Amino acid sequence: MELFDSHAHYNDEKFNEDKEEVLKQVYNAGSVTKLVCAGYNLDSSRKAVEIANTHDFVYATCGISPNDISDLEENISQNLELQLNQLEELAKNKKVVAIGEIGLDYYWNKENKEDQKIVFKKQIELANKLSLPIVIHTREAIFDTLEILKTNPVINKGIFHCCPLNLDLIKEGLKLGFYISFAGPITFKNSKNAVDAISAVPLDKILIETDSPYLAPEPKRGTRNNSANVIYMAQKIADVKNLKLEQVANATYQNAQTIFKLL
Ligand code: NI
């Protein structure tokens, strides 16, 4: 059985001390044979590309997340252009499989919604220019996120990463041709909508991810997350859909290969 962790952050400072060791353990454990290290600003995108270039089984995404735009805002048009040029150079690397994570976050940042929208749209343009899919981060911004995707078509589609368990978002996202990636929250005991959310996504549109080092699933909740834990997401989906673990592993692996064009 092979598993694909479609979203992790080995570029996060929580892995500064022992990133190589953790990656080696994940690889040697044998189940997770591919993973994507996601960038969220220029620095972390650069790190993600570096990690991907030094590990065959790791791929990278490059992008500026809605929670990382404060340094752009003083002179947004000029600063954004500078950063986008650097992102574009980074994203031309062969191991870069998407522009992300990008999107809108009105939970952490309510004050700069218009700037978030500008940065999101500009990066959709970049993805289209480079023929890449996008990885979307959306939190408490469902309506605006969908609105932007409808009015700014993404040619190579993409993924709702750590998808909020909101049925309207999932239904609309699927209609737009996007994949839904489930993370640790589907395993949480207090997660009310997990079963309905999982049931709403056909098997050929589901991805699984850890979002390491955050959001460790049950039964590892509260610990530093790593890609080996992606098996708990696969198991939860198998339980809800009444499938074998292997079936979910295979389907999510194929789906990831398809959207990231690794076939
Ligand atoms: Ni993330």
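1. Buried means under 20% relative accessible area, exposed over 50%, and partly exposed in between, with a 1.4 Å probe and protein chains only. By that scale Tyr-107 is partly exposed, because its relative accessible area is 35%. Trp-108 is exposed, at 59%.

2. On the basis of this note: the model is predicted, so to speak of local features takes pLDDT of at least 70, side-chain atom pairs count only at pLDDT 80 or more, and totals for chains, interfaces and linings use all residues. Numbering runs from 1 along each chain as its sequence is written, and side-chain values use heavy atoms, with hydrogens and water left out.

3. The nickel site. Four residues supply the protein donors: His-7 (NE2), His-9 (NE2), Glu-101 (OE) and Asp-211 (OD), at 2.1 to 2.5 Å from the ion. Donors are N, O and S atoms within 2.8 Å of the metal (3.2 Å for Na, K and Ca); water is not among the atoms, so sites may look incomplete. Along the sequence the donor residues follow the spacing H-x1-H-x91-E-x109-D. His-7 counts as buried because its relative accessibility is 1%. His-9 is buried too, at 5%.

4. The geometry of that site is irregular, because the angles subtended by the four donor atoms run from 81 to 171 degrees. For reference, four donors are tetrahedral if all angles lie between 85 and 135 degrees; four are square planar and six octahedral if opposite donors are over 155 degrees apart and all others between 65 and 115; anything else is irregular.

5. Helix α9. Helices (H or I, at least four residues) and strands (E, at least two) are DSSP runs, numbered from the N terminus. Among the buried residues of α9 are Leu-245, Val-248, Tyr-253 and Ile-259. Their cover includes β1 (3–8), β2 (32–38) and α8 (230–241). Just after α9, Lys-261 has a positive phi of about 55 degrees.

6. Aromatic pairs. There are six in the structure. In the pair of Phe-4 and Tyr-253 the ring centres are 5.5 Å apart and the planes at 70 degrees, so the pair is edge-to-face. Phe-4 sits in strand β1 and Tyr-253 in helix α9, 249 residues apart. Both are buried. Tyr-107 and Trp-108 also pair edge-to-face, at 5.0 Å centre to centre and 85 degrees between the planes. Phe-4, Tyr-253 and Phe-260 make up one aromatic cluster. Rings of Phe, Tyr and Trp (its six-membered ring) pair if their centres lie within 6.5 Å; planes under 30 degrees apart are stacked, over 60 edge-to-face, the rest tilted.

7. Thr-145. This residue lies in helix α5 (residues 142–151). Beyond residues up to four places away in sequence, Thr-145 touches Leu-104, Phe-120, Ile-136, Thr-138 and Phe-160. Contact means heavy atoms within 4.5 Å.

8. Lys-95. Its place is the loop between α3 (76–91) and β4 (96–105). Lys-95 counts as buried, because its relative accessibility is 15%. A polar atom of the Lys-95 side chain lies 2.8 Å from the backbone oxygen of Ala-52. Leaving aside neighbours within four places in sequence, the contacts of Lys-95 include Ala-52, Asp-56 and Tyr-59.

Definitions and conventions. A polar contact is a pair of N or O atoms within 3.5 Å; within protein, one must be able to donate a hydrogen and the other to accept it, and residues adjacent in sequence count only if both atoms are side-chain atoms.
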